[in-house]
Amino acid sequence: LCMDADLQHEPESVPAVADPVLKGRAEFSVGSRNVAGGGVGFEWSFLRRVISFVATSLALGVSSSTDPMSGFFCTTKEVYARGRERCNGIGWKVGLEIAARCKAKPLEDVPITFKDREAGESKLTQKETIQYVEQLVHLYCDRYGAAPFFGSIVFLVLFGLFVLYSILSSVVGR
């Protein structure tokens, strides 16, 4: 089980997030704010909602989770072993990386309430956004093949969305 240490995830949700994996219903479970019963326990700005929606939408081709950037997930060491050599554990998208590279199926989203950060700072910077786009290109190529043409198309689409994010963040602010 992995849970971010910034206290945005309620420790009381640990049993619920672990349950699908421990009972054998899923190979990977994600604490998700985007399923019935889940949510955000504070007011998000419009820009933050847009960024979350776009980031989640971009991962649809490599993850079946409704909250693929969640830092609250559970799997088994056997599932992790399937893709361990290909995993890049750097950054805030470790769950997405493990679920995609290890081809964890089935994946089950578990409702949680995402709280305002009690410790630490947001890692949502332009540098992190670029790294996320790069990660997605690698995950898409891993999943669908590394054909240069496909990789270039994916990169151009993702880069265009990053430019849109940059424009929105400078106009709307955080």
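Modeller: A residue is called buried when its relative accessible area is under 20%, exposed when it is over 50%, and partly exposed in between, using a 1.4 Å probe and protein chains only. This is a predicted model, in which local features need pLDDT of at least 70 and side-chain atom pairs count only at pLDDT 80 or more, while totals for chains, interfaces and linings use all residues. Residues are numbered from 1 along each chain as its sequence is written, and side-chain values use heavy atoms, with hydrogens and water left out.

Colleague: What makes up the protein chain, and in which order do its elements run?

Modeller: There are six helices and six strands, where a helix is a DSSP run of H or I of at least four residues and a strand a run of E of at least two, both numbered from the N terminus. From the N terminus on, the order is β-α-β-β-α-β-α-α-β-β-α-α. Of the 174 residues, 43% count as buried.

Colleague: Which residues of H1 are buried, and how do you know on which side they lie?

Modeller: The buried residues of H1 are Val17, Ala18, Pro20 and Val21. They cover an arc of only 150 degrees around the axis, and therefore sit on the same side of H1; the arc is taken from the directions that lead from the helix axis to the C-beta atoms. The face turned away from that buried side carries the exposed residues Pro15 and Leu22.

Colleague: What covers the buried residues of H1?

Modeller: The cover includes S2, strand S4 (72–75) and S5, as judged by contact, which means heavy atoms within 4.5 Å. Just after H1, glycine 24 takes a positive phi of about 80 degrees.

Colleague: Why is the pair of glutamate 27 and arginine 82 called a salt bridge?

Modeller: The term asks for a side-chain nitrogen of Lys or Arg within 4 Å of a carboxyl oxygen of Asp or Glu, and here the closest N and O atoms are 2.5 Å apart, so the pair qualifies.

Colleague: How many disulfides does a search of the whole structure find?

Modeller: The search finds zero disulfides, a disulfide being a pair of cysteine sulfur atoms within 2.5 Å. For cysteine 2, the nearest cysteine sulfur is that of cysteine 74, 10.0 Å away, which is too far for a bond. Cysteine 74 is buried, at 5%, while cysteine 2 is partly exposed, at 29%.

Colleague: What makes serine 70 count as buried, and with which residues is it in contact?

Modeller: Serine 70, found in the loop between helix H2 (46–58) and S4, has a relative accessibility of 6%, and therefore counts as buried. Leaving aside neighbours within four places in sequence, serine 70 is in contact with His9, Val30 and Gly31.

Colleague: Which residues form a nonpolar patch on the surface?

Modeller: Ile153, Phe155, Leu156, Val157, Phe159, Val163 and Ile167 form it, with about 610 Å² of accessible area together. Patch members have over 30% relative accessible area and no salt bridge, nonpolar side chains (Val, Leu, Ile, Met, Phe, Trp, Tyr) being joined within 5 Å and like charges within 9 Å; the areas come from the Shrake-Rupley method with a 1.4 Å probe, and for residues only the protein chains shown count as cover. Leucine 156, in helix H6 (residues 148–172), is exposed at 56%.
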